[in-house]
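The following exercises concern one structure.

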Amino acid sequence: MSANNNTKAANIPSEEILSRKWDECLSNVIVKSGIGLSVGIVASALVFKKRSWPISVSTGLGLGYALSQCERNFNPTLVPVSKYQDKK
């Protein structure tokens, strides 16, 4: 069964792989910056006396985390925590 899965993976065109990576990247950006925005609004209302900087900071953190995951998806060899081995 795993041999069948390998042939299916080999038949996926590179455009489809790139499209899936972009779709995942865009969904991560939307979700994580939205979560950051929500956390910032709650923190601003409850803790920081309705100031605006917690909203900006938490949205930026969510956006930065999403973009770092996008970078890992597109180029895993540049990330120091991943190990890349050539097939010989």
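**Exercise 1. In which helix does Leu63 lie, and is Leu63 buried, partly exposed or exposed?**

Solution. The model is a predicted one, in which local features need pLDDT of at least 70, side-chain atom pairs count only at pLDDT 80 or more, and totals for chains, interfaces and linings use all residues. Residues are numbered from 1 along each chain as its sequence is written, and side-chain values use heavy atoms, with hydrogens and water left out.

Step 1. Leu63 belongs to helix H3; helices (H or I, at least four residues) are DSSP runs, as are strands (E, at least two), and are numbered from the N terminus.

Step 2. With a relative accessible area of 35%, Leu63 is partly exposed, the class between buried (under 20%) and exposed (over 50%), for a 1.4 Å probe and protein chains only.

Step 3. Leaving aside residues up to four places away in sequence, Leu63 touches Val29 and Ser33, a contact being heavy atoms within 4.5 Å. Val29 and Leu63 are 34 residues apart in sequence, yet their C-alpha atoms are 5.8 Å apart in space.

**Exercise 2. Describe how helix H2 packs against helix H3.**

Solution. Two packed helices are described by the angle between their axes and the distance between the axes.

Step 1. Helix H2 spans residues 14-46 and helix H3 residues 53-74; they pack at an angle of about 160°, with axes 7 Å apart. H2 is therefore roughly antiparallel to H3, a term for angles over 145 degrees.

Step 2. The crossing of H2 past H3 is right-handed.

Step 3. Sorted by class, 15 nonpolar, 10 polar and three charged residues form the contact of H2 with H3.

**Exercise 3. Which backbone atoms lie by the side chains of Ser58 and Ser33?**

Solution. The two serines are taken in turn.

Step 1. Ser58 is a residue of helix H3 and is buried, at a relative accessible area of 13%. A polar atom of the Ser58 side chain lies 3.2 Å from the backbone nitrogen of Gly40. Beyond four places in sequence, Ser58 touches Gly36, Leu37, Val39 and Gly40.

Step 2. Ser33 is found in helix H2 and is likewise buried, with a relative accessible area of 17%. For Ser33, a polar side-chain atom lies 3.4 Å from the backbone oxygen of Ile30. Residues up to four places away aside, Ser33 touches Asn28, Thr59, Gly62 and Leu63.

**Exercise 4. How many helices and strands does the protein have, and what percentage of its residues is buried?**

Solution. The whole protein is now considered.

Step 1. There are three helices and zero strands, in the order α-α-α from the N terminus on.

Step 2. Of the 88 residues, 17% are buried.

Step 3. Among contacts with a separation of 6 or more, 50% are between residues 24 or more positions apart.

Definitions and conventions:
Axes fitted to C-alpha atoms, helices over the stretch in contact; angles between N-to-C directions. Parallel < 35°, antiparallel > 145°, perpendicular 65-115°, else oblique. Left-handed = near helix turned anticlockwise from the far one by under 90°. Nonpolar A, V, L, I, M, F, W, Y, C, P; charged D, E, K, R; others polar. Polar contact = N/O pair within 3.5 Å; in protein donor to acceptor, adjacent residues only side chain to side chain.
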